[in-house]
Amino acid sequence: MKWYLKVLKQYTDFNGRARRKEYWMFVLFNLIFSMVWGFICGFAGFPEMAQLYTLAIIIPTIAVGVRRMHDVGKSGWFILIPVYSFILAVSKGDEVENKYGQDPKAE
């Protein structure tokens, strides 16, 4: 949960690096929250309310994805290439400082 909150606190930070754990824990909690919220909204009879969560979380999702690409030494634009960005997202990050900053594991 702390990784999810960390991403939300850095919701407009497209600089720096995000390690695998930060990215995938955010993806996991985001999936859980969106499913629960969607179920609640659907059960209450307001399915369009579920889209509010999606709109609220889109900028932090893109930001953490860009920082994840930076961790493997790639530009944030690589997030637009679906299969390749998934491969990069599961790849180990650079263990040394790269042009996007220090290794987040070392901090």
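Modeller: Let's start with Asp-103, which is buried, with a relative accessible area of 14%. Buried here means under 20% relative accessible area, exposed over 50%, and partly exposed in between (1.4 Å probe, protein chains only). This is a predicted model, where local features need pLDDT of at least 70, side-chain atom pairs count only at pLDDT 80 or more, and totals for chains, interfaces and linings use all residues. Residues are numbered from 1 along each chain as its sequence is written, and side-chain values use heavy atoms, with hydrogens and water left out.

Biologist: Thanks! How far apart are the closest N and O atoms in the salt bridge of Arg-17 with Asp-103?

Modeller: A salt bridge needs a side-chain nitrogen of Lys or Arg within 4 Å of a carboxyl oxygen of Asp or Glu. Arg-17 and Asp-103 form one, and the separation of their closest N and O atoms is 3.9 Å.
The pair links distant parts of the chain, 86 residues apart: Asp-103 belongs to the segment after α4 (82–90), and Arg-17 to the loop between α1 and α2. Helices are DSSP runs (H or I, at least four residues; strands are E, at least two), numbered from the N terminus.

Biologist: Is Arg-17 buried or exposed?

Modeller: Arg-17 sits in the loop between α1 (2–9) and α2. Its relative accessible area is 8%, so Arg-17 counts as buried.

Biologist: Which residue's backbone oxygen lies 2.9 Å from a polar side-chain atom of Arg-17?

Modeller: The side chain of Arg-17 also makes a polar contact of 2.9 Å with the side chain of Asp-71. Such a contact is a pair of N or O atoms within 3.5 Å; within protein, one must be able to donate a hydrogen and the other to accept it, and residues adjacent in sequence count only if both atoms are side-chain atoms. The backbone oxygen you ask about belongs to Gly-101.

Biologist: What angle lies between the planes of Tyr-4 and Phe-33?

Modeller: Rings of Phe, Tyr and Trp (its six-membered ring) pair if their centres lie within 6.5 Å; planes under 30 degrees apart count as stacked, over 60 as edge-to-face and the rest as tilted. Tyr-4 lies in helix α1 and Phe-33 in helix α2, so this pair ties together parts that are 29 residues apart in sequence. Tyr-4 is buried at 5%, whereas Phe-33 is partly exposed at 28%. The pair is edge-to-face, with centres 4.9 Å apart and an angle of 75°.

Biologist: Which helix gives the largest share of the nonpolar patch?

Modeller: Patch residues have over 30% relative accessible area and no salt bridge; like charges are joined within 9 Å, and nonpolar side chains (Val, Leu, Ile, Met, Phe, Trp, Tyr) within 5 Å. This patch covers about 1,100 Å², and its residues include Ile-32, Trp-37 and Leu-55. Ile-32 is partly exposed at 39% relative accessibility. The largest share, seven residues, comes from α2.

Conventions:
Accessible areas come from the Shrake-Rupley method with a 1.4 Å probe; for residues, only the protein chains shown count as cover.
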